[in-house]
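Student: I have this structure open for the first time, and I would like to learn how to read it. Could you take me through some of its features one by one?

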Amino acid sequence: MRETAHNVEIETQKHFLNFSQVRKWPEFGVIFAFLILFIIFSIFSSKFFTLRNITGILTIVSELGIMAIGVAFLMIAGEFDLSVSSVYALSGFLFVTLANKFNSPLAFIITLAVAAFIGFCNGTITLKAHIPSFVATLGTQLIVRGTLLAVTGGESVSYKSDIIMPTILTRFIGYGFRPSHIWFLVLTLIFSIILTNTRYGNWVFATGGNKAVARAMGVNVNKVKVTNFMLSALMASLSGCIVISRFNLANASFGIGMELEAIASAVIGGTFLTGGYGTIIGVFFGALLMGMMRTGLIMIGAPAYWYQAFVGAILIIAATINLKLRHLEM
Amino acid sequence: MQKATTLAKMVNIGKYFGAAQALKKVNIKIRSGEILGLLGDNGAGKSTLIKILAGVFPPDRGEIFFEGEQVYFSSPRDARTRGIETVHQALSLVDIMSISRNFFLGREPIKKIGPIHLLDRKKMNEECKKAVTKYGVRVRSTNEFVSILSGGERQAISIGRAMHFKVKLLILDEPLAALSVRETREVLRQVEKVRESGVSVIFITHNVYHVYPVAERFVMLDRGIKIGEVYKKDASPEDIIEIIATGKMSETLKT
């Protein structure tokens, strides 16, 4: 019985891996995996496919996904950003502190500006020091996180200000849906359009695909990279503000390890680690897959700790498939 | 006698990389509608010289004139706006991008929808297909990745692209390296086609036999110094090899 099922699956895979189809739908793999897991979870847990659970998943996914979009957009330009998790925590803290002192819209704007500055520093350090962004942003990740821990002494602050930004960002709008879900969707569409349908998107692909060619063809590659570093930090910051508006509490240890989840979402979604290729729709489903696994595994009765092991396995599979696809194309 | 006008002129060009002098007082001139062969052994300074002309980096000494005006290029984009374009074996196309995206890279056509500027993908595909077909590349779709193309097809696309954007001076940097015999002939035919349309070409190679059939004038470099300049009618390929090998012009060729 199992034998046959296995064979059928291989058959279908062969059929689907017909290359021109994959080329046209680079998101196909991640959507396929998403649907399979979705069906499995729905079968094994009666509570999985309920509005309450779905919206709950969407809430987590939106916060991770917004960060992942920025990370992926930068990865396509050929650089990494490991500092996003620290920017996320810093932004949450800054937002709460400033909102308590002034008001939330002002706090939000200042927070984003600070994040953009950190992104600018990430880009400038990477380009001027000629060190890999992996190292540069690991450095800034530790600097930002360390500073935050030192300054706050590990203490939390709670949000005691107006409800303007929290309402815009994440307060319930009915049936368990939140504005953050809409933000995630809208940002996915915007970044997707920028990437595939604007001149800037073409430059991002070229910068990540081959920096020397892009430069020779008149693309200002350094500007593209710095801009994308800033966008990555901005998205992480937005994500941090959303989380804090939901929890009403900020702590310096928020989001530790989240940068890896964001990168994993991007890779599962088909973004090349080496840059030059990827889709934002893919990242959307990559993040969705990650968030769904988190709750899905618990609901079907697996201990929460298995989540990481699963993410690891899926990441390896996704990266292997991406590489295979690339060899088919090259 | 000299009816052709000078298109570009590089005067007393000097360039240092750290303490090493890559170019020393090099003078070259390119006339309208001619093919100039720029020859020299590896490390002679050929690539450095044309990278300066293409705006990749500025010279430390010397001046550049284009169409009679002194020009200062701070980036390849500046040079491209003036109509100077380089086709390089490895530096012209991004492998993991589609043909049409490569074709318009840095010069993408846009359509305006209110304040939003979007890529005109339809125009990109149509114009790209027309242009590459003209230069002998048959592609199923311009959405295919460049990585599936052969070396000859890539050169043809790069040359077609330069022509499409009304290049005035085309720099070919070792365009035949790693090409098969058939592809070599195909590319040389395209170079002729380019010249016929009135565009000047600088053809860089270390192999005289590659450029001899198409060029009418040759400049030889050796360790950053211009060691010779001859017209095709005055020198055989063997004479030119002799100049490169010995590093100096023989007395009979000096005019």
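Student: How do helix H5 and helix H7 of chain A cross, and at what angle?

Tutor: Axes here are lines fitted to C-alpha atoms, for helices over the stretch in contact, with angles from 0 to 180 degrees between N-to-C directions, and helices (H or I, at least four residues) and strands (E, at least two) are DSSP runs numbered from the N terminus. In this predicted model, the axes of H5 (residues 84-101) and H7 (residues 133-152) of chain A come within 8 Å and cross at roughly 30°. Angles under 35 degrees count as roughly parallel, over 145 as roughly antiparallel, 65 to 115 as roughly perpendicular and the rest as oblique, and H5(A) and H7(A) are therefore roughly parallel to each other.

Student: Which residues of H5(A) and H7(A) meet?

Tutor: Two residues are in contact if their C-beta atoms, placed from the backbone, lie within 7 Å. On the H5(A) side these include A:Leu90 and A:Phe93, and on the H7(A) side they include A:Val144 and A:Leu148.

Student: Is A:Ala72 buried or exposed?

Tutor: A residue is buried if 20 or more other C-beta atoms lie within 10 Å of its own, exposed if 12 or fewer, and partly exposed in between, with C-beta atoms placed from the backbone. A:Ala72, which sits in helix H4 (residues 51-76) of chain A, is buried, with 31 other C-beta atoms within 10 Å.

Tutor: Within chain A as a whole, 49% of the 330 residues count as buried.

Student: What should I know about the numbering and the model?

Tutor: Residues are numbered from 1 along each chain as its sequence is written, while chains are lettered from A and ligands numbered from 1 in the order in which they are written. Since this is a predicted model, local features need pLDDT of at least 70 and side-chain atom pairs count only at pLDDT 80 or more, whereas totals for chains, interfaces and linings use all residues.
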